[in-house]
Amino acid sequence: MSAEPLHGSCHCGAVQIRVAGPLPKDLNDCQCEHCQKRGALWAYYDVAQVSITGVTSSYIWGDRDLSFHFCPSCGMTTHWANVDPGYPRMGLNGRVLGRDVFQQIPLRKGMPS
Ligand SMILES: [Zn+2]
């Protein structure tokens with residue numbers, strides 16, 4: 001397994017992402033209505049593993065515990081974070097890693113986790 005950090009970005013490159021960790025073992029094509037409309041494929045990481053640079057906008061709905069972040073320029077969903085900054089987990093949109101990378105990762109059709 002590579003020790004190189006994973007690198008990703010939104011479509012326009014304004015938001016840059018580095019992951020200090022391996023490729024996720026799978027990506028969750030979450031079956032909830034919101035994620036089906038959003039089109040993200042979620043990889044779950046510890047917050048400390050992922051660094052995100054660049055300004056994002058966010059969308060909060062429903063139970064208001066998750067904030068869905070996207071690039072305000074190109075609109076691409078980059079990640080979600082819990083609104084509680086102490087929450088240890090986050091979800092990265094695996095699509096930021098680029099097609100050549102994310103298409104190697106198995107998909108599962110799960111529900112929110
Ligand atoms: Zn962008």
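Start with strand β4, which gives the most to the lining of the second largest pocket: three residues. (Strands are DSSP runs of E, at least two residues, and helices are runs of H or I, at least four, numbered from the N terminus.) Before you click further, note that this is a predicted model, where local features need pLDDT of at least 70 and side-chain atom pairs count only at pLDDT 80 or more, while totals for chains, interfaces and linings use all residues. Residues are numbered from 1 along each chain as its sequence is written, and side-chain values use heavy atoms, with hydrogens and water left out.

Now select the whole lining of that second pocket: Leu 23, Pro 24, Lys 25, Asp 26, Trp 42, Tyr 44, Tyr 45, Arg 89 and Arg 108. Color by type and you get five nonpolar, four charged and no polar residues. The space inside is about 160 Å³. A pocket here is an open set of points on a 1 Å grid over the protein atoms alone, where a 1.4 Å probe fits, with protein on both sides within 12 Å along at least five of seven lines; lining residues have an atom within 4 Å of a point. Points are joined across faces, edges and corners, and the volume is the space filled by probe spheres set on them.

Next, the largest pocket, at about 330 Å³. Pick Trp 61, Asp 65, Leu 66, Phe 68 and Pro 112, the ones nearest its centre among 18 lining residues. Helix α1 (33-38) and strands β4 (42-46), β7 (66-70) and β8 (77-82) each give two or more residues to this lining.

Stay on β8 and select His 79. Is His 79 buried or exposed? His 79 counts as buried because its relative accessibility is 7%, and the cut-off for buried is under 20% (1.4 Å probe, protein chains only). Show its side chain and that of Thr 78: a polar contact of 2.9 Å joins them (N or O atoms within 3.5 Å, one able to donate a hydrogen and the other to accept it; residues adjacent in sequence count only if both atoms are side-chain atoms). Beyond four places in sequence, His 79 contacts residues including Trp 42, Phe 68 and Leu 92, contact meaning heavy atoms within 4.5 Å.

Last stop: Leu 92. Leu 92 is one of the residues touching the most other members of the largest nonpolar core, which has 18 residues. Strands β2 (16-19), β4 and β9 (89-93) each give two or more residues to this core. Such a core is a set of buried Ala, Val, Leu, Ile, Met, Phe, Trp, Tyr and Cys residues joined through side-chain atoms within 4.5 Å.

Notes. Nonpolar A, V, L, I, M, F, W, Y, C, P; charged D, E, K, R; others polar. Buried < 20%, exposed > 50% of the residue type's maximum accessible area, 1.4 Å probe, protein only.
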